[in-house]
Amino acid sequence: MGRFGETLGTLGRLFRGQAPGQLIIQLTDRCNARCPQCGMRVLNRFQRTRLDNVYVKRLLDAGARQGMRMVSFTGGEPLLFRDDLIALITYAGKVGFRYIRTGTNGFLFRNHQDPCFNDRVKSLAEALAATPLRNLWFSVDSAEPAIHDAMRGFPGVLSGIAKALPIFHAHGIYPSANVGLNRNLTQETAQLQPLTGDAAPEERFSLAFGNGLERLYRLLLDMGFTLTSACYPMSVDADASGLQAVYGATAAERLVCFSEREKVLLYQALAETAKKFRSRLRIVTPLSSLHSLINQHSGREEQGYPCRGGIDYLFVDSVHGQTYPCGYRGAEPMGRLWELDPQILWANRQTACRRCDWECFRDPSELFGPLLRGLSQPMRLVGEHRRDPQFLRLWAEDCRYARACNLYDGRRAPDYTRLQSFAPADHNKTPAVAQVLVNRAGNMAERAE
Ligand code: SF4
Ligand code: SF4
């Protein structure tokens with residue numbers, strides 16, 4: 001199908017009240033890292049699984065037939081099966097997926113002092129560059145390299161990632177730092193006491209996370225990242241939410257458990273910090289989505305758009321190859337992807353789920369929400385946004401920003417000239433900053449060793 005046909009297909013979906021479809025395939029739950037916040041860490045003992053290539057190709061065929069164009073290959077650690085992963089990315093492109101993502105915990109970038117390090121990274125970058133992969137993410141969990149490396153269980157890995165980035169850039173791949181928000185952002189945030197409802201601890205919390213996020217974005221810039229996204233804290237309280245995770249990237253550890261009030265303060269700090277860095281780093285996190293999450297955790301849930309998990313976005317687990325509305329509604333299996341029951345999809349449409357903050361589904365749901373509402377119920381859209389005009393302003397700004405970022409295309413270098421219009425007022429007064437960044441983009445390819 002040509003681009004024109006695809007555009008028509010997307011418009012058709014939108015007019016039918018459907019967002020562009022997204023499929024997340026958990027290729028494996030095997031992982032070699034030790035992240036304390038994750039149920040799949042190598043130290044946890046359980047029967048590990050992976051989906052075989054024939055099965056995954058069948059999933060891709062089915063997803064493409066259903067009009068899906070976005071697919072994410074996740075784990076565990078997908079690069080444990082490098083050749084299979086590359087074959088599947090290639091296949092996904094062949095059957096029509098356009099937005100193909102995968103990521104890594106960075107284990108291949110350990111031991112960056114090895115004489116063969118550059119060759120090792122070049123070989124991976126070359127292999128991935130030959131596929132239609134659009135976005136490659138590297139997980140980053142702390143603004144302090146020592147904390148990050150210790151959590152991951154890979155000493156020196158952040159230095160290895162910094163050394164690897166120019167090699168990827170030289171091959172036309174601009175990896176994204178996938179930041180897992182947790183209490184170990186810095187030593188200061190790790191030592192915060194639980195909030196008691198008093199103003200002083202709340203101020204300390206906001207300040208500590210604001211400073212921590214600022215340090216994190218500076219670290220990412222220093223390392224050479226040009227793109228970043230944020231993973232909102234994922235802790236599933238099964239009793240309160242009725243959720244049952246099939247995706248093991250969750251744990252009940254305090255590290256990723258935040259109270260409602262803490263989430264409000266955390267997302268406010270993230271929004272404020274992201275605004276400061278949007279002209280220097282392509283930050284995928286939409287401010288409109290954070291606004292809705294802040295509303296939700298402040299008790300104004302109905303002001304955001306419900307999640308499209310189980311409607312347009314689906315998750316397939318590595319244990320059974322089963323389809324679920326997402327990785328957290330494990331009690332609602334939907335069968336094989338190629339035999340989905342339209343009645344279940346219809347029932348999911350009625351659920352208006354907002355039971356977790358999984359950014360993979362929540363962020364695009366917020367971004368497509370106003371479009372879908374505007375096409376199907378324009379008067380309701382007007383009414384909703386009279387009540388919360390700030391949301392629509394942020395949403396329009398997010399759309400303009402996404403365009404300036406070429407829709408976060410990880411195969412294109414950042415256009416810092418376009419991004420400059422998002423600089424905070426004090427940055428606009430220093431054109432030298434813009435020039436440095438424009439020069440940096442021009443020199444990126446030359447930095448590869
Ligand atoms: S968070 Fe990712 S890298 Fe860490 S243990 Fe879990 S799957 Fe592995
Ligand atoms: S909000 Fe979305 S991702 Fe979270 S439980 Fe509901 S459907 Fe799943």
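Me: A residue is buried with under 20% relative accessible area, exposed with over 50%, and partly exposed in between, taken with a 1.4 Å probe on the protein chains only. Why is Leu407 called partly exposed?

Reply: The structure is a predicted model, in which local features need pLDDT of at least 70 and side-chain atom pairs count only at pLDDT 80 or more, while totals for chains, interfaces and linings use all residues. Residues are numbered from 1 along each chain as its sequence is written, chains are lettered from A and ligands numbered from 1 in the order in which they are written, and side-chain values use heavy atoms, with hydrogens and water left out. Leu407 has a relative accessible area of 45%, so it is partly exposed. Leu407 lies in the loop between α15 (389-404) and α16 (416-419); helices (H or I, at least four residues) and strands (E, at least two) are DSSP runs, numbered from the N terminus.

Me: Why is Ser139 called buried?

Reply: Its relative accessible area is 16%, so Ser139 counts as buried. Ser139 belongs to strand β4 (residues 135-140). Beyond its neighbours within four places in sequence, Ser139 is in contact (heavy atoms within 4.5 Å) with Thr104, His148, Arg152 and Asn178.

Me: What makes strand β6 mostly covered?

Reply: Five of the five residues of β6 (residues 227-231) are buried. Leu227, Ser229 and Cys231 point one way, and Thr228 and Ala230 the other.

Me: How do you know that β5 and β6 pair?

Reply: Pairing asks for at least two bridges found by DSSP. Strand β5 (residues 176-180) is joined to β6 by five bridges, and the two run parallel, so they pair by that definition. Ser176 stands opposite Leu227. In β7, Leu227 has Arg282 as its bridge partner.

Me: How do you know which residues surround ligand 1?

Reply: A residue is near a molecule or strand if one of its heavy atoms lies within 4 Å of it. Around ligand 1 these include Cys31, Cys35, Cys38, Gly76 and Arg152. The shell has five nonpolar, two polar and two charged residues.

Technical notes: Ala, Val, Leu, Ile, Met, Phe, Trp, Tyr, Cys and Pro count as nonpolar, Asp, Glu, Lys and Arg as charged, and the others, Gly among them, as polar.
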